Amino acid sequence: MSVNLKVPSIGESISEVIVGDWFKGEGDWVRVDENVLVIESDKANLEVPSPVEGKIVKVLKAPGDTAQVGETIAEIEEGEMPAGLDTVAPAVSEATPTPAPVVEATPAEVATPAKVEQQAPVDTTTAQPASPASKSIGIMPAAARLLAENGMSAAGIVGTGRGGRILKEDVQRHIESNGGAKAGPVAAAPARVQKPNAEPVAAGRVERRVRMTPLRKTVARRLVEAQHNAALLTTFNEIDMSQVMTLRKTHQPDFVERHGVKLGFMSFFIKAAVDALKAFPAINAVIDGDEIVYREFYDIGVAVGGGKGLVVPVLRNADQMGFAGIEHAIRDFGMRARDNKIKLDELMGGTFSITNGGVYGSLLSTPIVNPPQSGILGMHGIQERPIVVDGEIVVRPMMYVALTYDHRIVDGREAVSFLLRIKNCIENPIRLALEV
């Protein structure tokens, strides 16, 4: 009996998705609940499992295609898998549709080391689906096509997919980090194949059009909405990080031994933000029509770099969490964001957000509020700078911090005082323990 594989519902506000990489193709066997493909939405990515055991007889959507929730994207002929058939290795049938691929650029900082085997050279004459050789080392179809288009092999490319699989994002990052250089030996010098969607501008100059991912489109739309619908203003201060850095250095070994996670700076800033939000509740509030809704709970969004871009998962009831609990949650978010495993409900809500551009080298910035929130705190890089303390010039590790707020609900006095309270908490971290 033939069973339809349909796009599942992944949220009330989501009616359309983009088909991502297929783990299986036409002619491949799958087990019940074995993941068949990835679908991409404007909030998160989701792996779609097979509802039955059987053989995929038809693939109706190729990577990059748009599909509606509830639409059939493949047909599976239900049946018992032949004995001894190996289904562990990723397999993509040559019968899988292969339209012009959509290459998605992703930030290089989310790549993490993983073991990658060497692959034989890729023929650059045509862009083909994943070959049997590429299957054996876990190269996804879109990645194989991108390798072929650029005349590259997989040698030296770090795979960040499940089980060390090489994703198209890994290939794109490798190309960008090497200035477009090839990753390994290639087949002998056939005529260069023009990339899909690329237009020659002048001799030796090429433009490439890339469709925006659902996540990037949503980020773009929401950032513009924030600028148009709120009266955003940013105030700045600087923080002497000496006390926190000394505390971390002194207690880090014991903290790691007891809790199994390192003590970072973010947990101090989350605790300080909760303290400041309690003192200045307007920054934790939201405008709803003609009313101001004051929230007496503290769900803090923490911006983390993911496989498809920046996401902001939410720490629920952060005021009830200790340092170790916050650090474990942040580490878990970071690992799952890299693999696009953040759940939809973890991205929803939030009463206040924190972003740390310092991990990427930012010295100063003006973060944009995540609507309908009324404030966001921006952390930045730590630099040793000369400052005046008790009439003397000393060198201290300093960090600029920024608070962007909605001036419709938050007055300047409250915003400046909020940031000053965070400064005092970080410069005197014992206040966080004593709650004073």
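**Figure 1. Proline 372 sits in a loop between two strands.** The loop that holds proline 372 runs between β18 (352–356) and β19 (375–379). Strands here are DSSP runs of E with at least two residues, helices are runs of H or I with at least four, and both are numbered from the N terminus. The peptide bond from proline 371 to proline 372 is cis, with omega near 0°. Most peptide bonds are trans. This is a predicted model: local features need pLDDT of at least 70, side-chain atom pairs count only at pLDDT 80 or more, and totals for chains, interfaces and linings use all residues. Residues are numbered from 1 along each chain as its sequence is written, and side-chain values use heavy atoms, with hydrogens and water left out.

**Figure 2. Strand β19 is largely enclosed.** How many of the 5 residues of β19 are buried? The count is 5 of 5, so the rest of the structure largely encloses β19. Buried means under 20% relative accessible area, exposed means over 50%, and partly exposed lies in between (1.4 Å probe, protein chains only). Gly375, Leu377 and Met379 point one way from β19. Ile376 and Gly378 point the other way. In a regular strand the side chains alternate between the two faces of the sheet.

Figure 3. Two strands pair if DSSP finds at least two bridges between them. β18 and β19 pair in the parallel sense, over 4 bridges. Isoleucine 354 has leucine 377 of β19 as its bridge partner. The pairing of β19 with β21 is antiparallel, also over 4 bridges. There, glycine 375 stands opposite tyrosine 405 in β21. Strands of a sheet pair through backbone hydrogen bonds, either parallel or antiparallel.

**Figure 4. Valine 401 is a buried residue of strand β21.** Valine 401 lies in β21. Its relative accessibility is 0%, so valine 401 counts as buried. Which residues does valine 401 contact, leaving aside its neighbours within four places in sequence? They are Thr235, Phe236, Asn237, Ile239, Phe269, Leu377, Gly378, His380 and Leu419. Contact means heavy atoms within 4.5 Å. The C-alpha atoms of valine 401 and glycine 378 are separated by 5.6 Å. Along the chain, these two residues are 23 residues apart.

Figure 5. Aspartate 390 lies in the loop between β20 (382–389) and β21 (392–406). Its phi is near 55°. Aspartate 390 is at 78% relative accessibility, so it counts as exposed. Aspartate 33 lies in the loop between β3 (29–30) and β4 (35–40). Its phi is about 70°, although aspartate 33 is not a glycine. Aspartate 33 is exposed, with a relative accessible area of 56%. Most residues other than glycine have a negative phi.

**Figure 6. Four strands form an open sheet.** The order is β5-β4-β2-β7, and the pairing is antiparallel. Which are the edge strands? They are β5 (45–49) and β7 (66–68), and each pairs on one side only. From one strand to the next, the twist averages 45°. For such angles, axes are lines fitted to C-alpha atoms (for helices over the stretch in contact), and values run from 0 to 180 degrees between N-to-C directions. Strand β2 (residues 16–22) is joined to β7 by 3 bridges. Isoleucine 18 stands opposite threonine 66 in β7.

**Figure 7. Phenylalanine 268 and phenylalanine 323 form a tilted aromatic pair.** Rings of Phe, Tyr and Trp (its six-membered ring) pair if their centres lie within 6.5 Å; planes under 30 degrees apart count as stacked, over 60 as edge-to-face and the rest as tilted. The count comes to 2 aromatic pairs by this rule. The centres of phenylalanine 268 and phenylalanine 323 are 5.0 Å apart and the planes are at 55°, so this pair is tilted. Phenylalanine 268 belongs to helix α6 (residues 266–279) and phenylalanine 323 to helix α7 (residues 323–338). The pair links distant parts of the chain, 55 residues apart. Phenylalanine 268 is buried, at 3% relative accessible area. Phenylalanine 323 is partly exposed, at 23%.

**Figure 8. Lysine 271 and arginine 248 lie over phenylalanine rings.** A charge sits over a ring if NZ of Lys or CZ of Arg is within 6 Å of the ring centre and within 35 degrees of the ring normal. Lysine 271 lies over the face of phenylalanine 323, at 5.7 Å from the ring centre. The charged end of arginine 248 sits over the ring of phenylalanine 265, 4.2 Å from its centre.
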